[in-house]
Amino acid sequence: MKEFEHTVQNELGMHARPAGLLVKKAGEFSSSVTVDNGEKKVDAKKIMSLMMLGAKKGHTLKFSVEGSDEEEAAKALQMFVKDNL
């Protein structure tokens with residue numbers, strides 16, 4: 001399992017557009033991807049789950065990636081959230 005944390009930098013937090021892009025990016029990999037805000041842990045491949053996190057600017061999210069392509073997926077997702085969240 002690979003894990004990393006990211007603090008949301010987007011002024012609007014994780015609204016529909018970046019959440020949708022994150023779902024698309026996570027869907028490119030066979031590994032399971034979860035996002036934890038400290039209260040809830042959700043599947044990053046489901047947009048409604050991500051939206052329910054209510055992640056705002058300054059919130060720190062913990063990403064967990066597990067599966068056959070976890071190394072590649074974790075690197076790609078870490079770059080994605082850095083550029084989009």
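Visitor: Which residues of helix 1 are buried?
Guide: Pro 18, Ala 19, Leu 22, Val 23 and Ala 26 are the buried ones in helix 1. They span an arc of only 145° around the axis, so they sit on the same side of helix 1. Keep in mind that this is a predicted model.

Visitor: And what's exposed on the other side of helix 1?
Guide: Over there, Arg 17 and Lys 24 are exposed.

Visitor: What's the relative accessible area of Arg 17?
Guide: Arg 17 has a relative accessible area of 60%. Exposed means over 50%, so Arg 17 counts as exposed.

Visitor: Back to the buried residues. What do the buried residues of helix 1 pack against?
Guide: They pack against strand 2 (32–36), helix 2 (47–52), strand 4 (60–66) and helix 3.

Visitor: How do the axes of helix 1 and helix 3 cross?
Guide: The axes of helix 1 (residues 16–26) and helix 3 (residues 70–84) come within 11 Å and cross at roughly 165°. Angles over 145 degrees count as roughly antiparallel, so helix 1 and helix 3 are roughly antiparallel to each other. Their crossing is right-handed.

Visitor: Which residues make that contact?
Guide: From helix 1, Pro 18, Leu 21, Leu 22, Lys 25 and Ala 26 take part, and from helix 3, Leu 77, Phe 80, Val 81 and Asn 84. By type, the residues of this contact between helix 1 and helix 3 are seven nonpolar, one polar and one charged.

Visitor: New topic: how far apart are the C-alpha atoms of Arg 17 and Lys 62?
Guide: They're separated by 20 Å, with the two residues 45 residues apart along the chain.

Key
Residues numbered from 1 in each chain as written. Predicted model: local features only at pLDDT ≥ 70, side-chain atom pairs only at ≥ 80, totals over all residues. Heavy atoms only, no water. Axes fitted to C-alpha atoms, helices over the stretch in contact; angles between N-to-C directions. Helix = DSSP H or I, 4+ residues; strand = E, 2+ residues; numbered from the N terminus. Parallel < 35°, antiparallel > 145°, perpendicular 65-115°, else oblique. Left-handed = near helix turned anticlockwise from the far one by under 90°. Contact = heavy atoms within 4.5 Å. Nonpolar A, V, L, I, M, F, W, Y, C, P; charged D, E, K, R; others polar. Buried < 20%, exposed > 50% of the residue type's maximum accessible area, 1.4 Å probe, protein only. Arc of directions from axis to C-beta.
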